[in-house]
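Please look at the sequence and the structure shown here before reading on.

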Amino acid sequence: MQTFLVTLETPDGPHSIECRDGEFVWNAAARAGIQLPAICHQGRCLTCACQILEGELDQSASASYFPEDLEAGYALICTGRPRSNLVLRTHQQWAMRAYRKTRRLPAPYS
Ligand code: FES
């Protein structure tokens, strides 16, 4: 089974995990013992938002993910699957909500 190397730049420092092909990044992190923020697990609330520093994700399972989000380099890892090895900055929910508001897009809990 193909796996991807995902480096998570967290407030506690970097963590490198393996994510299986087709696995959501948030789930792979949890499997590795890294608890990241999340509420809806549907790609809607933005609580799990990350900034993409390197790589590409498949966000087709997300309930609410816009082309503008990709343009700005945001990922919703509760419903994001790697398409390549990744480097992600975690804990970006407030930055993503602020960005969404500037684009008049939904920003739940803001
Ligand atoms: S946990 Fe709600 S968008 Fe990811």
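T7 is buried, because its relative accessible area is 15%, where buried means under 20% relative accessible area, exposed means over 50%, and partly exposed lies in between, with a 1.4 Å probe and protein chains only. The model is a predicted one, in which local features need pLDDT of at least 70 and side-chain atom pairs count only at pLDDT 80 or more, while totals for chains, interfaces and linings use all residues. Residues are numbered from 1 along each chain as its sequence is written, and side-chain values use heavy atoms, with hydrogens and water left out.

**The sheet around T7**

T7 lies in strand β1, which covers residues 3-10; strands (E, at least two residues) and helices (H or I, at least four residues) are DSSP runs, numbered from the N terminus. Leaving aside residues up to four places away in sequence, T7 touches P14, H15, S16, L86, V87 and L88, a contact being heavy atoms within 4.5 Å.

Strand β1 belongs to an open sheet of five strands with mixed pairing, in the order β2-β1-β7-β3-β5, and two strands count as paired if DSSP finds at least two bridges between them. Because β2 (13-20) and β5 (74-76) stand at the edges with a single partner strand each, one side of each has no neighbour in the sheet. On average, and with direction ignored, neighbouring strands of this sheet are turned by 35 degrees against each other, where axes are lines fitted to C-alpha atoms, for helices over the stretch in contact, and angles run from 0 to 180 degrees between N-to-C directions.

| Strands | Sense | Bridges |
|---|---|---|
| β1 and β7 | parallel | four bridges |
| β3 (residues 49-54) and β7 (residues 86-89) | antiparallel | three bridges |

Within β7, R89 is the bridge partner of Q51, and E9 also stands opposite R89. Helix α3 (residues 93-102) packs on the sheet, where it touches β3 and β5, and its direction makes about 115 degrees with that of β5.

**The cysteines**

How many disulfides does a search of the whole structure find? The search finds zero disulfides, a disulfide being a pair of cysteine sulfur atoms within 2.5 Å. For C19, the closest cysteine sulfur is that of C50, 12 Å away, which is too far for a bond. C19 is buried at a relative accessible area of 0%, and C48 also counts as buried, at 6% relative accessibility.
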